[in-house]
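Morning, everyone. Please bring it up on the screen.

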Amino acid sequence: VLRKAAQSNAIVSSLFPKNVRDQMMEAKGSEMAQNNRLKSFLKGDSKDEDVGLQPIADLFPHCTVLFADISGFTAWSSTREPAQVFILLQTLYQAFDVIARRRRVFKVETIGDCYMAATGLPEVRDDHTMVMAGFGRECMITMNQVVKDLEIELGPDTADLAMRFGIHSGPVPAGVLLGEQSGFQLFGDTVNT
């Protein structure tokens with residue numbers, strides 16, 4: 001039970017910022033104290049456990065959002081085995097994650113060949129723009145090194161891949177959309193731009 005609890009906690013920790021994770025656990029804990037879910041589940045009466053919970057949402061007025069996209073990825077990946085595509089993405093994203101942790105940049109998510117990150121949320125900071133610019137620069141340097149290192153394993157045109165970065169600063173509404181695949185989401189013009 002302890003091992004499974006630790007695994008579950010590690011998964012939740014990787015998906016949500018600490019302050020959001022704590023709010024979610026607190027809300028779930030108080031909800032469970034109000035009614036005995038195990039009895040309901042065993043009787044077959046289980047209800048949607050997210051109904052009635054208060055939304056976890058905030059406005060972060062000073063943020064910087066980054067999208068990093070691999071230029072040439074679609075054509076490159078169409079000529080590769082699935083395992084080769086995942087080797088590239090996993091190697092690259094793990095390297096970006098290390099940079100993000102060191103610079104205290106929040107990784108929002110990856111969508112295919114796009115890496116999304118933010119500063120100024122969930123941890124408010126005045127230097128959000130400068131930190132994100134430095135993060136983007138370091139990721140670009142890392143991308144160049146990763147594709148050179150993987151060129152022998154993944155094919156000669158791997159080193160031709162490049163990274164494109166889009167960065168925008170402004171206010172960002174962010175929170176948790178509850179449901180089957182809950183996640184910490186960012187919205188608004190700053191994200192769209």
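Start with strand 2 and strand 3: they run antiparallel and are joined by five bridges. Strands here are DSSP runs of E with at least two residues, helices are runs of H or I with at least four residues, and both are numbered from the N terminus. Two strands pair if DSSP finds at least two bridges between them. Within this pair, T110 has Y115 of strand 3 as its bridge partner.

A word on the source. This is a predicted model, where local features need pLDDT of at least 70 and side-chain atom pairs count only at pLDDT 80 or more, while totals for chains, interfaces and linings use all residues. Residues are numbered from 1 along each chain as its sequence is written, and side-chain values use heavy atoms, with hydrogens and water left out.

How confident is the predictor? pLDDT is its confidence in each residue, from 0 to 100. The protein chain averages 82, and 75% of the residues score at least 70. Over residues 30–42 the pLDDT is below 50, and beyond near neighbours in sequence that stretch has seven contacts in the model. Contact means heavy atoms within 4.5 Å.

Back to the sheet. Strand 3 (residues 114–119) also pairs with strand 1, antiparallel, over six bridges. There, A68 stands opposite Y115. On to strand 1 (residues 56–71) and strand 4 (residues 162–177): antiparallel again, over 14 bridges. D69 has R164 in strand 4 as its bridge partner.

Put together, five strands form an open sheet, order 2-3-1-4-5, with antiparallel pairing. Which strands stand at the edges? Strand 2 (106–111) and strand 5 (183–186); each has a single partner strand, so one side of each is left without a neighbour in the sheet. From one strand to the next, the twist averages 35°.

Now the helices. Helix 5 lies across strands 1, 2, 3 and 4, at about 5° to strand 3. Axes are lines fitted to C-alpha atoms, for helices over the stretch in contact, and angles run from 0 to 180 degrees between N-to-C directions.

Helix 5 (residues 82–103) also packs with helix 6 (residues 128–154), at an angle of about 150° and with axes 9 Å apart. That makes the two roughly antiparallel, a label for angles over 145 degrees. The contact includes L88, L92 and F96 of helix 5, and F135, M143 and L150 of helix 6. By class, it has 15 nonpolar, four polar and four charged residues. Nonpolar covers Ala, Val, Leu, Ile, Met, Phe, Trp, Tyr, Cys and Pro; charged is Asp, Glu, Lys and Arg; the others, Gly among them, are polar.

Two backbone details to finish. R104 sits in the loop between helix 5 and strand 2. Its phi is near 60°, a positive value in a residue other than glycine. P122 lies in the loop between strand 3 and helix 6. The peptide bond from L121 to P122 is cis, with omega near -10°.

Notes. Parallel < 35°, antiparallel > 145°, perpendicular 65-115°, else oblique. pLDDT = per-residue confidence, 0-100.
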